[in-house]
Every structure is written in C-alpha cells, then in structure tokens.
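Please read the points below with the sequence and the model open beside you.

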Amino acid sequence: MTFNRAILLGLSLVVSSLSGAEAQTAGQGLRGTSDVQGSSDLTNEPASAQDAAAPTSPAYTNVHALRLSGNSAAVETGSTGLGATGRTVPVRPFADRVEAVRRLQPTGISRADDGVFAGDTTFDQAEGFRVGTFTILPELTVTGGATDNASGTVGGKSAGFYRFAPSVSARSNWSRHQLDLSLRGSYSGYPDDATDADKSLNTSAALRVDVSEGTTLNGQVGYNLSQEDSGTAETASGSDNVHQYNASLSGTRDAGILSVTLRGALDRSTYDSTSGSVSQDGRNNTVYSASLRLDGNTGAVLAPFAESSLLLRRYDTTCSDALCEKRDANGYQLRGGVTVDAGPKLRGEIGAGWRLERLDDNRLKDLAGLIADGSIVWSPTRLTTVTAGLGTQFASTDIDGASGSIIYSGDLRIAHSFSDRIAGELGAGYSYRTYEGVSIDETTITGRASATYALTRNVALLTTYSYRSFDSSTPGADYDENRIEAGIRIRH
C-alpha cells in the first residue's frame, strides 16, 4: 500500500503543478490556428470558408492538423481491456477509437473534423511533412521507470526499466480514394535481467477506393507481434510470442435507406516460445470468414444493423496435443445492434449476438457463446471526451480436453484538456477468459493514469502510472503489478 500511495501522490503533484503553471494559456492560440494552408488538399471548401467555420476552442482549433491525425490503418474498435489480453499489448492511443467511431458515418458523408477532443496536447500537434502525395508523421517516445513485478509472475521482483517506442504513419493526399499506413513498435529493457525484456510491433495498411458516390471498396492488411502473460494457462514456460496476421476486403453500397456490405477476411495466429525450449506450433491456426451486413440509413439517432458470418478455422497440425484432438472447426456468427449518431456529442456502435464453432473431434464440445462488442465516444464538453469499448474474442488452444477459450473485455477512458499544453487521462479495463471443456477461468483488471505536457512545439513530457491484477482459477498463478514511467515524446 505504501508503494501505491507514493505513486498516486507523485502523480497528483505533477498534474497540479503543471496545471497551475499553464492555466493562463488555456485561451491562447495554438500552433497552426491562424495558418490552415494545405487543408484545401483534403476538402473541397475554400480556405476562407474553413476559417469561418473553424471552432474557437483551444482544444481543437487546428483543423488541418487534427484531420491529419486520423489514420484508417490505426483505428481501434471493440476492446482488449486496455491491453489485458497480453503481457506486452501496449495501450492504444486515445485518438484511435475516436477516429474509428468517426468512420461509422454512412458512405458519402463528409468525415471532416468534428471538434471532438482526441485526448492529446495540441500545442505540439504533429504536422508531418510531405513526401510525394503522402503526409508522413514520425514519432519517438523514450521513457524510463520502475515496476514492482518485472517478470509479470507470482513472486516477481522490483526492477527499473527503459522503453523505446517509435512510430510512423502516412496518409495519402489524393482528391479521391485514400491509403493509410501505420507502423508502431516498442521495446522495454530491464538492466537487471535481460530475460524480462518485452517487445511489440504493429503494422497495417488500409485502402479505400471510392467507386462511385454510394459505393466504396475497403481493403486492409496487418501484422501484430505481442507477448502472452507468463501466468496464463496457455504458456508452458516463460512468455510466448504471439504473431497475428490479418487481411480483409469489403465492398459497401448505399441504396436509399439500406446499406449493404460484403466482407471477406483472413485472420492467422502463430505462437512460439521466447525461450525456444517448448514448441507452441499446436496452436497455430487460420480463421477464414465471409460476412454480410445490412445497415439502416434512416437518419435517426439510433439506426439498426444486422450481420451474419460463415467461419472456418483450420489448424496447421491435426494432432496438436497428447490426446491427438482434431480442432479444425466450421461455424457461424450472428450479430445485431444499433449505431448511435447524435452528432459530435455522442457516436458509436453497440452489437450483440451468438457465435458457434463446431469442432471436428467428437470428444470436444462446441466452442460457442454470446458475443458483445461496441465502441462509444461521448463528448460532454469541448475539452473532455469519454470512450467506452466492449470486445469478444474466440481464441485457439492446445490444452488437453479444451475446445478453445472466449475472452470478454471492456474498458472506460476519460481524457481532458487542461490547456493547449496539458492533457490528462484516466482509464480502467477488465478482461474475463473462460475455457470450454476444462475448468479454467482468468480475470485481468487494469488501470492507468497519465499526464502530458507539451514542452516545445515538437517535444512533450509524459508520465504514466499503470496497475495490473491477474487472477486465475489455476492455483498459484495470481499476481499484481504497479508500474510508473516518465520520459519524452518527440514528433514532427
């Protein structure tokens, strides 16, 4: 308790001192507020019309820069419980979900910036630089800190660490169509024990082709590297690397009050042990899906949608455990819900349904359960934004007698702009994992508090406190972790 109280007190003093020092700047102009040249490349409005319509709040006056911050290749839908499903699953930037919810608008509707605070300081808003027909936005975060459980296991020891987190995104400046690219990575090193090192990588590309006024094609490919918890039932020893590959292609056609979307997708997951001593090939699998979605374009605040999918899961090996159980599966998913569009103040989507995967091996039960997902963004004021997410994931396994696992996750995050230089965030996440066929349940609770201070036009100071609690029905697997870090962020 002493360690926790000291950390919380330190964060409170940092935020209080920064707020007091910069409160007088809350009404001052921001970088780029008087210069929106180049924004005409992204819209058909003349610059004068954009200036006249631009909001005056210091949280989001830089219309051109905020438009550049959105990136289709990096949007976040649903939830992973603030990184609860993996030891090294970095918490996504607040703006990722804000951008995803903005894109829920029907085809053909302008996606110009709506003034919702995206959770970051605006004094050092990234402007990027042009390379041909693309705008490139590079960023590097370097931090150091301490944790009371470096290994993320029962009996883990305290240690200091450092972290490098580079990222770069690119967005096309074409008059029609759009191509977005995103690359993010992180490496956390522990000087006292190199075996505790954590790494992650996420890269993706998204292409939108405007075939006609009411018809669009969307394609996306991506790769993600993360590490599993040492305490989870899936890890035989140490932390396992998780490699996820995905590709999808969809077409959407607006036809009056109805919008139709056809989508095909491939999601592949492979696993390997960080120690190299235990093979994890038995879990390697690929899921193929084909979906049909119908959206009601009624113009109402609440618009219904319905979606159906056919699923095929195929494992690389047909005999993956000691019992030689065959886990290839065929299945389906049915989902319905509503999209919410109450203007910039409240937007999102909430859905629920049922998913079933029937495995080839008669000794194994069907992997079936309720699904719930959604993403909501609420802007109670121009300086405060609240986001909430729900997600459901069906995961593979090679545990004897188990068909797989279902992971239910949710999170709630609140971001506030104290001034153009200072932004703060609070967040909490929850994840529950249950296995079909064996009595194993795992619960993860996460929390975080962060503050950002824009020191210059390109450099910001960051501080973050995070908490993680892992609880398993497997005896001796429970653990807690407190972590605090601080450093700088550099971007152009």
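This is a predicted model: local features need pLDDT of at least 70, side-chain atom pairs count only at pLDDT 80 or more; totals for chains, interfaces and linings use all residues.

**Notes on the strands, a helix and a patch**

1. Strands S17 and S18 form a hairpin with 4 residues between them, where strands (E, at least two residues) and helices (H or I, at least four) are DSSP runs numbered from the N terminus.

2. Residues are numbered from 1 along each chain as its sequence is written, and side-chain values use heavy atoms, with hydrogens and water left out.

3. S17 also runs antiparallel to S16, to which 13 bridges join it, and Tyr 432 stands opposite Thr 443 in S17. S16 and S17 form a hairpin with 4 residues between them, and in the turn Gly 437 has a positive phi of about 105 degrees. S17 itself, residues 441-454, is mostly covered, since 12 of its 14 residues are buried (buried means under 20% relative accessible area, exposed over 50%, and partly exposed in between, with a 1.4 Å probe and protein chains only).

4. Is Ser 472 buried or exposed? At 8% relative accessibility, Ser 472 counts as buried, and its place is in strand S18, residues 459-472. Apart from neighbours within four places in sequence, Ser 472 is in contact (heavy atoms within 4.5 Å) with Asp 441, Glu 442, Ala 477 and Asp 478. A polar atom of the Ser 472 side chain lies 3.0 Å from the backbone nitrogen of Thr 474. The C-alpha atoms of Ser 472 and Ile 440 are separated by 7.4 Å, although these residues are 32 apart along the chain.

5. Helix H4, residues 94-102, is mostly covered, with 8 of its 9 residues buried; among them are Phe 94, Val 98 and Arg 102. What covers these buried residues includes strands S4, S12, S13, S14, S15 and S16.

6. Leu 140, Leu 455, Leu 461, Ile 488 and Ile 490 make a nonpolar surface patch of about 360 Å². Ile 490, whose place is in strand S19 (residues 479-491), is partly exposed, with a relative accessible area of 39%. Patch residues must have over 30% relative accessible area and no salt bridge, with like charges joined within 9 Å and nonpolar side chains (Val, Leu, Ile, Met, Phe, Trp, Tyr) within 5 Å; a salt bridge is a side-chain nitrogen of Lys or Arg within 4 Å of a carboxyl oxygen of Asp or Glu. Accessible areas come from the Shrake-Rupley method with a 1.4 Å probe, and for residues only the protein chains shown count as cover.

Key:
A polar contact is a pair of N or O atoms within 3.5 Å; within protein, one must be able to donate a hydrogen and the other to accept it, and residues adjacent in sequence count only if both atoms are side-chain atoms. Two strands pair if DSSP finds at least two bridges between them.
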